[in-house]
Every structure is written in C-alpha cells, then in structure tokens.
Amino acid sequence: MNWLETLRRNKAMDPITAALYIVPAGIIVLIFRMIPIASAFVLSFFDVKMGRVRGFIGLAHYVRLFQDPTFFNSLGTTAYYVIGVVPASLFLSLFLAVLLNQKIKGLGFYRTIYFLPVVTSLVAISMVWKWIFHPRLGLLNFVFEKLGGNSLLWLEEPRGIFEMAAGGLGWEWWPEALSGPSLALVAVVIVAIWRGIGYNIVIFLAGLQNIPDQYYEAARIDGANTRGVFWRVTWPLLSPTTFYVMLSTTIVSFQVFTQIYLMTGPPVGGPMGTTKVIVYYLFEKGFDAGGNMGYASAVALILFGIILTLTLIQRRVVESRVYY
Amino acid sequence: MEQTSSLHDREMNAAYRVRRGLGRGGVYAGLIIGVILMIVPFWWMIATSLKSPIEILEFPPTWVPTGQFVQTDTGEWDEVYVVSRDADAGSVTVRPAAGGDQQILPEGAVQSRARLRFSNYVEAWNQAPFARYYFNTIFVTIFVVIGVLITSSLAAYAFARMRFWGRDNIFLVFLSMMMVPQPVYIVPSYIVLVKLGWIDTYQALIIPWLAHIFSIFLLRQHFKTIPNDLYDAAIIDGCSRFSFLWRIILPLSKATLVAVVIFTIVGTWNSFLWPLVMTNTPEVRPLQVGLARFSQEQGTSHELMMAAAAFSVAPLIVAYFFLQKQIIQSLATSGMKS
Amino acid sequence: MRRGMLLALLALTAAALTLHGCGGGGGESTDGVVELQFWHAMGGPLGDALDELVVEFNETHPDIEVQSISMGRYQALSQKIMAAVAAGQPPDLAQAYEAWTENLIENESAEPLSGYIAGPDGLSDEEIADFVEGMIENNTWNDEIYSFPFNKSVRALYINKDLFAEEGLETAPVNWDEYRDFSRRLTKDRDGDGATDQWGTAGQISAWMFENLLIQNGGEILTADGTRAAFDSSEGLEALEFMVELMTEYGKVTSGYEYQNDFQAGKIGMIEGSTVSLSFMEGKYTFDLAVAPLPEQKQKACLVAGTNIVIFADSPDAKKAAAWKFIKWFTSPEITARWAARTGYAPVRRSAMDDPVMVQRFDEIEGLREVIAQLEFATYEPRSAAWYAGRKHLEEIGVESALRQQRSPREAIASAAAAVNAELAQ
C-alpha cells in the first residue's frame, strides 16, 4: 500500500463519515421541509377542523374547490396580479438596464438607488405605499391633481380598470367579464414592480456585461443602427437572462402575500374581495374561523401545481428559443 | 475626391455627435426620472414621520414638514395649529400647539417654517415594545446566520468533496425542496411546530431556518473550484478532513461566505409570513410582525406609522449604503436559484 | 476578538432566556403568581385604556398577573385564536365575537361560566340583573353562559354644531326625512370652485349601519329560525336605497375610518359612528361637537356591536379561576364605568350609568347620556358562525356594491341574500 492508494481510499469515503457532515442540514431539511411538504399532500385528503383531524375524505376538498367561487376569484386575481407585474417589470428593468449599460457616469449611484427597495422590508414598503395611495391625503392623488387629472380611490376602488377606462371614454356599457383587475389590485401591482425592478436591473446588467464587445462591433460594421444592434445582438444574447428574470418574477409573484395583508382592507382582500390572492385565501382558510387546514392544504397544492407547471412550460417554450 | 469624403465624414461625425448627445441626454433623463420614482416614497416616509398630526391632514400636502408660528411679545416663535382661514377678512384662527385658547390673528402674523418633529420617533418607539422587537430580530438573525454557516459549510463540503453512495441523488432532493414555495408548506409547518411545542418561541423562528439549501448549493459550487492538488497536499501533510475544511477551504471561500451571511441577514430581518404565523406574544415577536401589528391597530396615526417604518428599515439601509456592492452581489446571486 | 464575540453571544442568549423563559408561554411562576395571557384587538387609545386597567388589576391583585397582548385587529385576533386552539395552546382569556365563541363551544374550548357565577366568588342574581338588557342572554348558549360582555358599542350621530348653526339647524335629525333634509342642506361648495367641499354626512362601508337602518324601518336581518336571510324585504330595500341616497348624494363613502378624519377636519356636517369613535377623535377637532341618538323611522334601533370575553377550557383550574376574577372585576359597575368613560364603549352595567365617572363624562359630552340610553331597546346580531361568514357577504355584496354604485340596491340586496342563504344552508 503506497501513499497514493491511501489517498484514494480516503477520498472514496464511507457513508457514515459523510453522513456526519450532512446530518445537521439534513435533519432540518427533513423535519422542516420534507415532512411539511409531504403532510400538505396528505392533509389535503383529510377533514381537519380547528386542528383536529376528523377523518379521511378522499378528494372531497378538491371537488369542493372546483365549486368554490371564492377560490376561482382568488385564482383570477392572482393571475391578474402576475400578468400585471411580470411584463411591466421585465420591460422597465430591461429598459433601465440598457440605459445603465451605456458606459454612463455614476453607474454605481444609479444602481444603488434602484436597488434600495430590495433591501427594504416589504412590511415597511407596504405601509408607506398605502399612505401614498391614500384617497384623500395621499401623495399620488396630489401629484395627479397637479397634473390636471382626477383623484382616484386607489386601494379602495373595486371597479375594474377597463371598466373605469370605458367609463372615462363616456361608454355607458361595458361587459362585466372584461372589467379587468380592480384599481386596488393595480395599486398593489405598482408596488410590486417598484420593489422588484432594482433586482431585475442588476441581473440584466450582469447579463448585458457578459455580451462580448466584438458582437457589437461586428453588428456595427454590418451597418446596424442602435435599434438593429439591440434586436440583432443584445436581445438574442440576453435571452437566457431574460428567461431567468421572467421565471423568477413569475414564481415570486404567484406567492404574493405581505402587500395584500398590509395594504388592502380591512377586511384584507378588499375592496369587495378584488385583491384576495390565492396565498391569502389559503392563509385565511387554514388559520381563521374553523381552521380548515385540510382545505387550505388542497389550495396550497393547487398553487404548487400551478407554479410547477408554469416553470416547466416556460422552460420548454423559452428553451427552444434561447440562444446559449 | 478625398476632400469630399472627409467633408462627408465630418458631417457624418457632427450628425452622429448631435444624435449621440441627444441620446445621452435621453439616457440621463430616463435614469433620473427612474431615480426620482425610486426615492420619492422614501422621502415621503421620512417627511411624513416628521410632521405634526395636524399637518398630516392637510391637502395639498407639504414636501418638507412645516409648522405655523407666531411671534410672542418676548420675540420667541411659538408653534400654532391653523384652525381656519378667512380670506375675506384676512384673518386666521389658530390654536397654540402647546395648548390654550384659540386666537384670531391677522394673516401676516402667522409664518410658515420648516419644523421637524423628531419627537414622533420617540412616541412611536414607546407606543409598542419596539425595543423588545428589535432585540428579538437581532437575536434570531445572529443565531440563524451562525447556524446556516455551520450546517451549509459542512453539507457543502460533503457534497463537493466526498464520494459516497447516493450523493448526487440526495443533493438533488435537497435542490428540489428549494423549488417548493413557503406558502405551500406553511400550514403543515405550523402543525409540525405545534407537535414540537415550539409555537411562540425563539426555536420556531431559528431552528427551521438553520439549514439553507441555496447556501449549500452555492458553497458546494465554490468548493468544487478548489483544486484537488490542494487537498492531496494537505492530506500528505497529515491534515484531517475536518481541518482541511476549516483551515484551507473556508479561508479560501470568504467571498462566498460573506454572500451567504448577507442574504441570510437580509432574509431573516425581513421575513414576515413565517413569524406572523408562528408567534403570538410580544416577547418573541420580531420587528416586522411588530411593525405590521402597529400599523393595523385602528387609530394609529400616519406620522407615527411612518416613523416606525423608518426606524425599522434604518439598520439595513445604513448597512446597505456602506456595503452596497457586496449586498447587491449577494442578493443577486441568492435569487439565482434556477 | 473571537472571545469577545463568543461572550457577546452568550450574553445575548442569557438575556433572551431570562427575558422570555426557554419553553415560551409563561405559566405559573415560582412565587405563586398566576400568569394569564389575555389576547385582544384593542389598539391606539383603546389599547392604552385597556392596558392601564390591566395594570391596575395586577396591582390590586398581587397573586395574578394578566398579560395584555394586542393582535391589532379583530381579523388578526380571530386568526390567532383559531390557530392557537388548533395548536392546543390557546391563551387563557380572549375577546371573542359570539360567532367565534360558538366555534369554540363546538370545539369544547370555551369554559362554561355558570359554575364561577354561582361559586363563592360569583355574582348574585341582582348583580346579574344589573347587566344591560340582553347582554347576558346574548352570551348564553343552551342555558349555559360562556362569555361575558366586554367592549360593547352602540351607534351614535356625531354633529358639528358649528356647521349646523351656520344652516340654522338647532337639533339633531330625529327621523329619516330630517336626516335626508339636513344632509342636503349641509352639502355645499364653500370655495365656489364648482366642486362640493362640504358634505352633509359620510360613512364607511358598513353592514352595521345598514342593519340599524333596516331595524329602524321595521325589518329583520334573518328569519326567526336563523336559517334564511330576511333583509331582502321591502323594508330592507328601502333601507339600502335610503343609505345609498344619503351617502352618494349628500355624503361620501370611505373604507376604514377615514370619514372620521374628514369630520374632524370640519368638512362633514354629521356622521354616524360608534360611540368609540369619540376616543379616536378626542382633541383632534376644533369645532363644537355634540352626539345624538340615531334618527328613527318606523321604530328606534340600537344594534349593539363589539366583543365579549371568553375563558379557554384548556387552561389549568387556577388560571381559569383567576381569569374569572379578572372578568368579574372588569365588568363591575365601577370599572365598566371607567372603561366606558375613557373609551366610549357602553357600560355593561345599568348601575354604572350613575357612577360619578360616567356622570362627569355625560356632562362633558353633550348628548352622550341619550346615546347610551339607546341601550334600553338594544338588539343583537344573529350570532351563528354561519352568520359571521354571511355578514361579510351582506357587507361586500350588498352594502359595498350598492354604495359604490356597482349594483342597484335591488340587485345588491338580492345577490347578498342569495349568498347569505347559501352560507346558512351549509
């Protein structure tokens, strides 16, 4: 046995030694992740009221879910929220990132400011924005009035924005199904965009700086103008980053809770239930009157299913177009 | 021919420069509008937090906290609240801020001056046990950070450097756990903590967060970049596996460890849903939940809420201005989960 | 350096442990003091008033230590209570609406109180009879008392006497016609810019206001057996139409308590509010203020709102006995009078009306005595757990959509009734 063999043997370690290194993290992941996730699945088949399991009921929760108008409303509200946040956030942060990538002076300064909301707690941000949206004393209505607009109810406005716009154009009638997200929800969307933009800018900037200069030079020699360079070089080469930003913003948006909990109502989810998103709905079902934790778990699993499916679809669709 | 060409070039250049200049101007204009939009809410928070309860109710609002003052006989300026203004008579009805009867004064006697009420901060601080909330948050954060550093380095070392049965599968299971968002397992987690008897304790806020899968992932990636030769050399020198981690790998991973520390601090400091569900009493209630409860109480005034919001975000924001580069990098990587 | 860090950490741990106790939860401490957790939703001036009384109780009862823990809002309190009961770790005492109590009774988590009332430290029949009309009955289920009235409020009209005087109005409106007429006269464009800047009245989206109007108009909330909505009657429709007319033509609607700020700012002639609103407005207005009973239509109405206090059955006997002492103390004529005078809640004992503290308060606030006297014809909300959910439908689908002019009052009433019936049928 020479020293080289000892070395090799040392490397191919016995599982027990390895386990010692993994156990501290492993136990915690097991108890506080795996078991709860598995329990969520199991609980969704049981009737649980105020913490007491009252029996196995099979798919009854899921059957009820599909007849529960509040659940579908909360799904719709969440979808509106995601659709409101993701494209706008993507567009604005890409736009600002491209501006920041122009070898401008004070890059650090701009980046610092844009990123500031990311380190600020959502609780504080929600409180500040709720005050800014205040219908009578709020800063936003003040600015609106200064600019010659009408003051709006913001977080207290249950009417859909398309319906409001139609009303603004003087149309008497507008189909109820197309009234769109309430202005209250749009207010929450604005805050989400404001808060997340800095993070996305930093990611986009990293992506932009990874594009080698020679591609730009080559495009310019080909006679491309600024717009041409963007569409022929930046956009395709940036697509992995864009894909990532889109994915992560979508997933985070589906889980919105804090802003809803602190900015809307009372009661939370108001006005007229137009901001009751799915995570708040499951929170309410699980922890409020009745403590229906089985039903809440069923909602949670549907949420998980949606996020997982979206991730997979997005991955497949975008992967086929992404230039790596 | 040559001349025309250079003339042409020069024209091109001039046009290019003008366009470029305009473009530059546009770039800065866009960026500065962005900066204003990002900064105004912060400004509004601080401005509001320094106003009087009367000034809060004024519309249009003031950008800088302003008080109304009248000069006393002794030449001092006393603060008053304006009750009403009568434009026709040119008079103002005021009430002394310190208390007392209303007076009617001519318009000119009342002067506006900037007035910053730092006392709002004291009042907000005393309206709820914020000292306790602060302590709880700091306490929990410190332990979570230390715990995450220990568990993640150990696990990452095993995943990166050791060979054992099922290593990659276990690692994959870990990674897949990361994909499940917190709201999905918050209800059963509550039940798990109930079974452990940990509801409303520090344990509930600390122990479930002692392992951070993404940190393990990040450290593993980094550990893998450390060349095998180093390991071989160390073993020849009689270094044990643990001391190799402790003496060689960790010192080489300072940047990654700092990143882990930063996103763990920011994440723990700002976490909300978990402590909202898992704590009941002010004894263990962390800052964010305390702040939320404070803002939900009927009758809490806006200026006090803004003051409370301001002193709750202050530590991280101050730290951010000193360490912004590291913090941005760390948080940016922490989001890079996919 | 490292040693310093370690020491600091140890010190911090020690501090946390001494401040909190390792397992959490308090409990009986070594010196024989019974510690009670009391969860409530009182904030702002109400929270201050409650905390002061709790401190006083603790001082006068050295063997008991009540910890007052505010959850900020009723919604948050409800979530915390239900989750804690599910966890088997409820507090010892909590504020609770009747519907929550009903859930707790069903779950065997609410302690029956008859034994304590009849016990050595109990209440005599005369004392029980001293409680305001209906308050004990409303806390009784199947002949067993499970909770005690704690913070009970009634509605009142708040009047800006300066604005009234300007219009030559000397009294509060006593019926709907006057209510409408006064509101119309008080709605003005003071600065002449073509936009209304003073309103006759204002209010929030409130099922409570609608319910009072409904009762004034001779209607009922639910059928006598509590299985169906009864507010979708012609009386209910008239009530909602009147409310919409009042709030949209001569008034404005705010969600939350914003309308109080407008009223304080002198922009509203009169508002309906809870008697508690007074403690939130105290010292924030500069005009001459009076309160008055609500106007009536076919009859007077006084639908009492507010929560009761329950003891949790899971607590050890010593704690439950101590909790009862707190309830008894808090609902005693003297303390309820002080609580009422301080916060605006209605005293829960008749004899408290003559308590010097209360009398002094009546002298300070013009009309307050008449407002509290509305308790003579007090009625209460249906209290089933299903109604608690149903009430949200009435508020959101009925009152809110009508006040925000999303639906006509007729549609709003009909859809709210359908939703309530579906909820009650479950």
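## A strand pair in chain C

In chain C, strand E7 (residues 155–160) and E11(C) are paired in the antiparallel sense over four bridges. Strands, like helices, are DSSP runs numbered from the N terminus (E, at least two residues, for strands; H or I, at least four, for helices), and two strands pair if DSSP finds at least two bridges between them. Within E11(C), Val291(C) is the residue that stands opposite Tyr158(C).

The model is a predicted one, in which local features need pLDDT of at least 70 and side-chain atom pairs count only at pLDDT 80 or more, while totals for chains, interfaces and linings use all residues. Residues are numbered from 1 along each chain as its sequence is written, and chains are lettered from A and ligands numbered from 1 in the order in which they are written.

## The sheet around the pair

The open sheet of chain C has five strands in the order E9-E8-E10-E7-E11, with mixed pairing. Strand E9 (251–254) and strand E11 (289–292) of chain C each have a single partner strand and stand at the edges, so one side of each is left without a neighbour in the sheet. On average, neighbouring strands of this sheet are turned by 25° against each other, direction ignored; the axes are lines fitted to C-alpha atoms, with angles running from 0 to 180 degrees between N-to-C directions.

## Overall form of chain C

Chain C contains 18 helices and 13 strands. Its radius of gyration, taken over C-alpha atoms, is set against a globule rule of 2.2 Å times the number of residues to the power 0.38. The value for chain C is 24 Å, close to the 22 Å that the rule gives for 426 residues, so the chain is as compact as a globular protein of that length. Along the principal axes, the C-alpha atoms of chain C fill a box of roughly 70 × 55 × 50 Å.

Of the 426 residues of chain C, 52% are buried, that is, with 20 or more other C-beta atoms, placed from the backbone, within 10 Å of their own.

## Contact between chains A and B

Chain A contributes 75 residues to the contact and chain B 73 residues, where two residues are in contact if their C-beta atoms, placed from the backbone, lie within 7 Å. On the side of chain A that touches chain B, helix H2 (residues 15–43) of chain A gives the most, with 18 residues.

## Confidence in chain B

The mean pLDDT (the predictor's confidence in each residue, from 0 to 100) of chain B is 85, and 92% of the residues score at least 70.

Note on methods
Buried ≥ 20, exposed ≤ 12 C-beta atoms within 10 Å, placed from the backbone.
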